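Open the model in your viewer and keep the selection tool at hand. Each stop below says what to select and what is there.

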Amino acid sequence: MRAGFIAEVDHGTPIRAGDEQVTLTIDGVETTAPAGTSVMAAAMMLGARIPRLCATETLEPFGSCRLCLVEIEGRKGTPASCTTPVEAGMVVRTQTERLAKLRRGVMELYISDHPLDCLTCAANGDCELQDMAGAVGLRDVRYGSSGANHLADAKDLSNPYFAYDPAKCIVCYRCVRACEDIQGTFALTVAGRGFDSRIAAGATDFLNSECVSCGACVQACPTATLIEKSVIRQGQPTRSVVTTCAYCGVGCSFKAEMQGDRVVRMAPYRHGAANEGHSCVKGRFAWGYATHEDRIRTPLVREKITDPWREATWDEAIARVAADFSRIQAQYGRDSIGAITSSRCTNEEVFLIQKLVRAAFGNNNVDTCARVCHSPTGYGLKTTFGTSAGTQDFKSVDKADVVVVIGANPTDGHPVFASRLKKRLRAGAKLIVIDPRRIDLVKSPHVRAAHHLQLRPGTNVAALNALAHVIVTEGLVNEAYVRERCDTAEFESWARFVALERNSPEQSEQFTGLRAADVRAAARLYATGGAGAIYYGLGVTEHSQGSTTVMAIANLAMATGNIGREGVGVNPLRGQNNVQGSCDMGSFPHEFSGYRHVSDDAARDMFEKMWGVTLDDEPGLRIPNMLDEAVENRFKGLFVQGEDIAQSDPDTQHVTAGLAAMECVVVLDLFLNETAKYAHVFLPGSSFLEKDGTFTNAERRINRVRQVMAPLAGKAEWQATIDLARALGYEMNYAHPSEIMDEIAALTPTFAGVSYDKLDALGSVQWPCNAAAPEGTPTMHVERFVRGKGQFMITEYTPTEERTGPRFPLILTTGRILSQYNVGAQTRRTANGAWHDEDVLEIHPFDAEERGVRTGDLVALASRSGEISLRAVISERMQPGVVYTTFHHPATGANVVTTDYSDWATNCPEYKVTAVQVRRTNQYSDWQERNREEDVSLRRMAREEGAWNDMAAAK
Amino acid sequence: MSLRIFIPRDAAALSVGADAVAREIAADARRRGLQIEIVRTGSRGMLWLEPLVEVETSAGRIGYGPVSPSDVPALFDAGFHVGGAHARALGRIDALDWMRRQNRVTFARVGATDPLSLEDYRAHGGLRGLERARNMRGADIVEAVRASGLRGRGGAGFPAGIKWKTVHDAGADQKYIVCNADEGDSGTFADRMLMEGDPFLLIEGMAIAGRAVGATSGFIYIRSEYPHAFRTMCEAIARAEQAGVIGASAPGAGGPFRLEARLGAGAYICGEETSLLDSLEGKRGIVRAKPPLPAVHGLFGKPTVVNNVLTLAAVPSILSDGPDAYAAYGVGRSRGTMPFQIAGNVKRGGLVELPFGATLRDLIEDFGGGTRTGRPVRAVQVGGPLGAYLPAAQLDTPLDYEALAAIGAMLGHGGIVVFDDTVDMAKQARFAFEFCAKESCGKCTPCRIGAVRGVETVDRIVAGVERETNLALLEDLNQVMTDGSLCAMGGLTPMPVMSALRHFPEDFHRAAQRPAMPEATE
């Protein structure tokens with residue numbers, strides 16, 4: 001075994017968690033195992049490894065390789081130990097002469113159709129076939145080498161990340177089964193029969209197939225048949241470190257498998273509670289950005305944004321920021337600077353930035369990118385339940401009977417959770433999708449939604465009120481639950497409200513476009529179909545009534561008694577790896593960590609004592625307010641931690657106007673992003689591979705992020721923050737991120753029991769983690785709501801101000817896709833472009849025909865905010881009147897088009913509803929042309945210019 | 001009353017021109033102004049006499065065969081329609097030795113009745129079993145089947161009553177009856193003949209099975225090469241539903257029983273019960289590991305009875321005449337009758353239903369009349385392509401499960417293929433591997449790779465390449481396939497190979513050392 005390499009024990013078949021124990025004898029040793037466990041796994045628990053190739057713990061037993069045959073007293077023949085469950089009194093022999101001969105015979109057959117190139121094979125040292133040949137003592141292949149074989153079969157190298165070499169395939173079906181059982185995509189099959197059996201990705205190559213490149217097949221392959229190209233290039237890793245993926249809010253655990261400080265591959269970690277060994281194309285493969293040549297490794301400074309960047313030392317850059325910020329505060333007042341924290345950074349890094357603002361800047365001008373995604377979740381769930389977070393763990397979905405997915409597209413946005421969900425749906429749970437688009441979940445292999453309520457964008461509240469109307473007026477309310485758990489007066493007034501005729505499915509049809517009968521049927525299913533779980537995403541929050549929608553969801557769950565146990569709940573699918581954490585850490589201008597208002601004297605007192613400063617008791621500025629104030633010349637300095645507001649925030653031209661009006665913009669990031677075009681100081685950040693800390697995922701799970709390589713910039717981000725605080729005259733003192741967590745725990749009741757020691761011991765914990773729940777809280781609101789009684793809220797539907805009309809007759813809704821991530825800063829710097837290399841506009845055939853638009857045409861997309869051009873794709877996933885695009889590519893500028901409308905409660909932008917017009921065009925928009933120029937003019941490097949000048953002079 | 005003339009619509013009869021004969025008879029009768037009614041029936045199973053035309057006379061059914069269209073005018077001239085004498089006349093069908101010496105229980109109506117006439121079926125004793133079953137508890141029906149000693153006719157010979165009891169005892173919201181009609185063994189055709197000749201019998205048997213175990217839905221998986229059987233079954237199901245024998249409105253406390261015929265996927269392996277279930281579910285047909293047994297975790301994961309056509313078709317008589325009457329036939333633990341199918345190099349091929357215990361010699365010599373070529377019988381393959389080759393010396397072996405197992409053979413689905421002394425048994429052994437290689441589902445290693453290596457190894461042996469080493473290798477390979485294969489496909493392939501090697505070692509010598517032989521004729 002390679003030292004430092006984490007070896008996960010593979011029992012060969014799933015371990016059944018049963019109460020009933022069975023006692024049997026294996027190789028003369030008496031043992032017990034849960035009923036339903038295979039003989040193979042029971043033997044493995046004893047340490048007796050029965051040879052096997054087609055069996056692995058993550059997959060149901062299959063019984064094809066025939067290496068694991070055993071003898072069982074009183075039974076005929078030699079049954080396969082993987083498919084034979086343990087039985088009381090069974091006497092099993094796993095090693096006899098007869099079995100040894102059989103196993104050698106089977107192995108001899110395998111090797112008679114396998115290349116003998118072990119020494120040059122990429123799986124050398126990590127090949128189960130090789131191991132088994134050794135284990136069974138194969139010494140000779142008597143069939144010779146002249147027989148039929150597959151040695152000359154052509155490789156499929158089309159996938160950018162892994163290779164398929166059919167010559168090495170042993171047809172164990174592990175890849176096919178993983179694709180079906182774990183991923184649920186059903187992209188792989190076996191083509192041909194008998195000896196001709198070969199793995200096939202449909203009738204095409206891997207890249208052009210249904211394959212979503214999740215890596216489950218590669219993970220499952222026991223040989224070099226499906227193997228990472230990085231392993232082919234680099235060889236086998238020598239050490240591994242368990243860490244947490246830095247893409248979406250699922251928070252998958254991975255083993256970073258390393259050679260020295262070079263990553264060889266990211267392998268999903270079976271003991272990671274969020275993903276249990278599964279992965280998606282981003283986390284599994286798209287990590288190459290971390291060492292991309294675009295990474296900035298040195299601080300950069302410049303006087304004006306039109307100047308070229310100049311490299312600086314950390315000391316110089318920090319001193320510059322401190323001097324500028326101090327000057328600005330002296331000149332424009334204490335409130336003229338602020339910071340934005342990043343949901344991509346660790347809890348510890350975020351905590352320090354908000355501490356920097358509150359303690360060193362002396363104001364509360366800190367906000368976070370959650371503002372533009374899940375701020376309504378925080379508001380809505382805090383109001384109704386008392387906690388700004390989802391109620392369940394992911395595993396809970398395994399016990400759901402009816403799943404409602406609202407405004408979320410899990411197969412693209414949260415693929416690893418989607419696989420878990422689809423598995424449950426294949427096992428019989430019913431699905432209701434509420435989404436303007438026909439997302440993949442509506443109909444995919446072996447999954448079909450019972451109801452797809454394809455509503456018009458912006459009418460979520462009307463639709464949810466209609467569902468509630470049916471539940472209340474048809475007597476489907478779980479009255480016992482409501483009486484015991486909720487505020488009954490509030491409930492009654494809510495029930496009277498939703499029962500109003502204007503909230504009936506028949507009346508709201510005029511807004512939603514949903515057939516009343518469908519709404520009624522869906523409501524009955526959710527209310528009466530057993531454990532009902534709601535999962536939602538940004539299609540709920542990014543609206544002018546985002547917070548109202550979250551509360552309407554909470555109302556439904558409470559009315560039907562679907563809160564407080566496994567299988568139910570209200571579950572926001574958080575977008576970013578640490579968006580839950582960044583909110584928990586006190587990133588909002590009105591809240592300290594743990595969601596305590598800055599005006600709360602007791603909380604503030606606690607922080608003041610610990611931090612030794614007086615804190616402002618008034619909330620600070622939100623991001624849009626900062627930009628508005630900047631345009632008004634009252635806000636002059638901004639520290640942006642790992643966020644690209646110039647690409648991600650709505651109404652780009654307003655954002656850049658605000659940035660351009662500031663006197664000191666500091667960007668801390670991996671790359672010179674769009675916002676950095678407007679920056680005066682650039683501080684090089686560190687990727688997740690360089691970080692030490694924690695991320696908190698959508699299930700409130702605090703996962704460790706462990707450093708596998710030193711920060712490329714020579715300084716960790718938390719250290720840079722300390723330096724800046726000190727330069728501003730405020731002392732911070734931490735030797736390690738664990739000490740920051742200790743401070744978080746000391747100041748935050750829901751984190752009181754969290755420490756790195758505990759995280760290392762348990763793997764992860766879900767907050768609240770404190771004296772009442774020392775090992776964390778998988779399910780919230782179990783006996784009572786955190787706020788006491790669940791609070792029903794009146795959710796009056798108010799149509800958005802953003803209206804379609806003759807000038808802008810279509811509704812644009814935006815989102816993202818599987819292979820790219822948000823602003824694309826990471827994924828665009830990987831081979832994921834193979835699947836998606838530009839943002840396109842999806843348009844319904846009717847709307848396309850009306851405008852003479854064909855797939856591939858360049859079209860202009862215009863709103864009252866701005867105009868861009870992009871390629872059109874005709875798609876029946878859309879409904880007529882609605883178009884869709886993504887915002888992954890800065891050159892597209894999707895947010896040039898989106899508007900400044902936002903959620904009434906939290907200012908979360910209304911990304912999902914913009915009135916637009918689409919027409920054919922033959923040119924890029926003015927903004928796009930200008931942006932292209934600025935990509936060059938605002939990103940120049942002094943040393944390049946110097947080199948250029950030197951070259952010119954030499955000529 | 002018009003004259004009734006019976007002409008088979010059985011696929012075997014059709015293949016030798018039964019339709020043309022029927023057309024010619026109808027046309028000729030019209031020309032002659034004769035009022036006739038042509039009834040299309042199943043086949044009597046005397047395949048050398050097809051197309052076999054029968055007429056109803058006061059003296060019983062008189063047969064003429066084989067009839068070609070050109071014979072028709074002369075037959076009319078001879079007054080065949082009233083039983084007149086003619087060179088093709090065979091006399092009373094039920095008096096023919098071939099028919100008289102059989103014990104037709106399952107095949108009692110086949111060839112005699114109109115397969116799609118429910119009245120005809122009822123008039124000939126049909127539906128009595130189902131009617132009786134409807135007044136019995138499921139457990140009592142299961143017990144009757146157990147008491148009859150009925151064993152699975154698909155090949156494995158597993159006691160049907162025990163399988164049914166497992167399904168009966170399994171708690172589930174849905175159970176299924178699946179009929180395996182993917183009849184793929186070489187030299188077998190009994191399932192096809194039954195489905196084409198007496199489809200209501202199978203429907204009745206399945207309805208009884210449904211009643212017995214509590215299944216409300218059934219499927220008949222018919223091999224794709226049986227289009228006529230498929231059409232007949234579909235039509236019979238529709239008529240049975242219309243008549244309320246099965247379907248949502250079926251009478252009795254057993255509740256509804258829906259039945260559907262499905263066309264197979266065109267693979268031999270889909271006749272293996274678990275592959276069949278996968279295929280029926282719409283998947284690629286590959287073998288499932290057992291346990292779990294289909295009786296517990298079968299079609300769509302629900303408890304399922306999977307039985308062969310002949311097994312299910314034996315059930316109605318067990319119910320109507322009682323288990324004892326059925327068990328009175330047969331020997332030892334092989335009770336009842338078996339529809340044997342004689343094929344290959346034989347003078348008179350066809351279907352012979354006899355109690356277990358008859359010998360191969362009875363069938364091949366008495367019924368079959370020896371080889372068609374007139375040469376001596378050298379080898380007989382019993383039980384399909386995976387069955388053993390028996391030498392002439394073993395022709396007196398009684399045909400029952402245990403006696404055959406004792407000599408390293410098996411009865412399978414009752415197919416008997418005869419070879420004369422020109423057969424090259426090394427080629428037959430090679431063919432066994434070839435067949436396995438072609439038809440293997442490819443799931444398990446011994447079958448997927450072993451079959452191909454088997455062909456290559458036999459070739460080396462026959463070519464005299466390292467003969468002793470390769471013989472030892474062949475022996476080892478056969479052991480790996482027998483003990484290691486997932487299903488009977490790979491597990492039984494060594495049976496024909498080893499029996500050929502055991503009984504006919506001389507054929508495995510170098511080809512050059514043997515005198516040239518004429519091509520073997522089946």
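Predicted model: local features only at pLDDT ≥ 70, side-chain atom pairs only at ≥ 80, totals over all residues.

**Stop 1**

Strands of a sheet pair through backbone hydrogen bonds, either parallel or antiparallel. Select the five strands of the open sheet in chain B, which follow the order β2-β1-β3-β4-β5 with mixed pairing. Which strands stand at the edges? They are β2 (36-41) and β5 (89-92) of chain B; each has a single partner strand, so one side of each is left without a neighbour in the sheet. On average, neighbouring strands of this sheet are turned by 25 degrees against each other, direction ignored.

Now select β1 (residues 3-8) and β3 (residues 53-57) of chain B, an antiparallel pair with two bridges. Show B:I5 and look across to β3(B), where B:V55 stands opposite.

**Stop 2: two helices in chain B**

Two packed helices are described by the angle between their axes and the distance between the axes. Select α7 (residues 138-148) and α8 (residues 160-169) of chain B: their axes come within 7 Å and cross at roughly 160 degrees. Angles over 145 degrees count as roughly antiparallel, and α7(B) and α8(B) are therefore roughly antiparallel to each other. Their crossing is left-handed.

Show the side chains where the two helices touch. α7(B) contributes B:G138, B:A139, B:V142, B:V145 and B:R146, while α8(B) contributes residues including B:I162, B:W164 and B:K165. By class, six residues of this contact are nonpolar, three polar and two charged.

**Stop 3: two helices in chain A**

Move to chain A and select α13 (residues 460-473) and α15 (residues 488-499), which pack at an angle of about 110 degrees with their axes 8 Å apart. α13(A) and α15(A) are therefore roughly perpendicular to each other. On α13(A), the contact residues include A:A468 and A:V472; α15(A) brings A:A495, A:V498 and A:A499. The contact has five nonpolar, three polar and no charged residues.

**Stop 4: where the chains meet**

How many residues of chain B are in contact with chain A? There are 28, and they touch 31 residues of chain A. Select α17 (425-439), α18 (445-448), α19 (450-462) and α20 (467-484) of chain B, each of which supplies at least two residues of the side that touches chain A. α20(B) gives the most, with six residues. Coloured by class, this side of chain B has 13 nonpolar, six polar and nine charged residues.

Technical notes:
Residues numbered from 1 in each chain as written. Chains lettered and ligands numbered in written order. Axes fitted to C-alpha atoms, helices over the stretch in contact; angles between N-to-C directions. Helix = DSSP H or I, 4+ residues; strand = E, 2+ residues; numbered from the N terminus. Parallel < 35°, antiparallel > 145°, perpendicular 65-115°, else oblique. Left-handed = near helix turned anticlockwise from the far one by under 90°. Contact = placed C-beta atoms within 7 Å. Nonpolar A, V, L, I, M, F, W, Y, C, P; charged D, E, K, R; others polar. Pairing = 2+ DSSP bridges.
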